[in-house]
Amino acid sequence: MRNPQLNDEGELRHLLTIEGLPREILTHILDTATSFVGVTAREVKKVPLLRGKSVFNLFFEPSTRTRTTFEIAAKRLSADVINLNIAVSSHTKGETLLDTVDNLSAMHADMFVVRHAQSGAPHLIASHVASHLHVINAGDGRHAHPTQGLLDLYTIRHYKKDFTRLSVAIVGDVLHSRVARSLIHALTLMGTPDLRVIGPMTLIPAGVDKLGVTVFHDLERGLRDVDVVVMLRLQSERMRGALLPSAQEFFKYYGLTQEKLALAKPDAIVMHPGPMNRGVEIDSAVADGSHAVILPQVTFGIAVRMAVMSILAGN
Amino acid sequence: MTPALPDPETLCAGLVRELKPHITADTALVGIHTGGVWLAERLHAALGIALPLGLLDISFYRDDFDKTGLHPQIKPTQIPFEVDGRHIVLVDDVLYTGRTVRGAMNELFDYGRPASISLAVLIDRGGRELPVAAQYVGARLEVPSGRMLVLDLDENGKLRLKLDA
């Protein structure tokens, strides 16, 4: 079956998941993002690439931060941005997802950025819209968050250059994390030889080892000699039932402190997709320390989203 | 009909002689990727220009994005000097429709307000679609429309012109 994200020429038409994308497309996105990092550092942070285009942010699940980064990216490409918080709008009046999309398409949208609590919602929209429209998945359920995966990939490449010699540990609430899933696919595709996930039994999804990662339940063992530590946010709002005794208990076993970080390579970098829970998954001394690249991740995230939007709009 | 192509190294030396009397402390060279950068590197060295060389990739400023999409290989633009008040010489290999130069000027203005912009090209092949002219020209050449004239580096790192079908 043809990858629904690609057009007949094999070019990227939608970005729904990193899974199944050829490595050349990922590299093209990262290379293009490098040029956009330069744009966002100058006084006039705008280029005229998407002038006259309308980008609709369709957020069926609230997320101020992700929405803002897409909004900034679109605006720096000179697109017009319309933000729709559908969680509190027509959805509650009973309109179906595809009716909402049809209505917005009739308003001459060029691109939809979709965040939805239901896995697969962006795929549904992508398979429904007319051929000139583009869909970007900004996070669907527990499934994927491809632009976050790409910005993590960009950050790792920026600091570590070569994926083929790296040890990367992803730590914490892997179960609820679409970030982890996207990043595992991306790193595997780029040839990362040593991928580890670290977390309590209750927060590691069953079968994750089939993705080619090594599972650790002991943080200290898992962190040994890694080049990159990716901390995940403890998603307490997604937890139902007693997966964890308490946040304090979690910090005791899985919180990243300087002492534990010392087990990683001396030049290891620490990443976090944000928003951080200080004192739950990460200690302030680490979050503000010299190994942390959490704020550069945010800066790179804008450039990566600009790259994705401009590549899609041009295909 | 293939026109005889001049030797770019000779043309480059001619450009150096043309530019020399106009270089001041406020002159900056900016090469347009890819061919223009090779040429600008040579001019920059030969003219002994004090300000570092600027590099421009105009992919984000092209007017045919809707038709052709984003260029597959974009190089970062680097303008390592203050643009405000500078006399900028844009450098490109071949001047044809003028659309690349328009994109380059738009991009430069997003870095600041130069005192002046002039244009140096190795070849002016005519066929302008915009009111753009070069102040410094290596050679004027008749090239049939529809053929691509590009600058290239041979295996010894020497400039050469190539005419593609």
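**The sheet and the contact between chains**

Reply: The model is a predicted one. In it, strand 1 (residues 54-59) of chain A is joined to strand 2 of chain A by 6 bridges, and the two run parallel.

Me: What makes strand 1 and strand 2 of chain A a pair?

Reply: Pairing requires at least two bridges between the strands. Strand 1 and strand 2 of chain A have 6 bridges, so the two strands pair. Within strand 2 of chain A, Ile82(A) is the bridge partner of Phe56(A).

Me: In what order do the 4 strands of chain A stand in the open sheet?

Reply: The order is 2-1-3-4, with parallel pairing.

Me: Why do strand 2 and strand 4 of chain A stand at the edges?

Reply: Strand 2 (80-85) and strand 4 (134-140) each have a single partner strand, so one side of each lacks a neighbour in the sheet. From one strand to the next, the twist averages 15°.

Me: Which helix of chain A packs on the sheet?

Reply: Helix 11 (residues 294-314) of chain A does, touching strand 3 (111-116) and strand 4 of chain A. The direction of helix 11 makes about 145° with that of strand 4.

Me: What makes up the contact of chain A and chain B?

Reply: Chain A contributes 16 residues and chain B 13 residues. Helix 1 (23-40) and helix 11 of chain A each supply at least two residues of the side of chain A that touches chain B. Helix 1 gives the most to that side, with 7 residues. By class, this side of chain A has 6 nonpolar, 8 polar and 2 charged residues.

Terms used
Residues are numbered from 1 along each chain as its sequence is written. Chains are lettered from A and ligands numbered from 1 in the order in which they are written. This is a predicted model: local features need pLDDT of at least 70, side-chain atom pairs count only at pLDDT 80 or more; totals for chains, interfaces and linings use all residues. Axes are lines fitted to C-alpha atoms, for helices over the stretch in contact, and angles run from 0 to 180 degrees between N-to-C directions. Two residues are in contact if their C-beta atoms, placed from the backbone, lie within 7 Å. Ala, Val, Leu, Ile, Met, Phe, Trp, Tyr, Cys and Pro count as nonpolar, Asp, Glu, Lys and Arg as charged, and the others, Gly among them, as polar.
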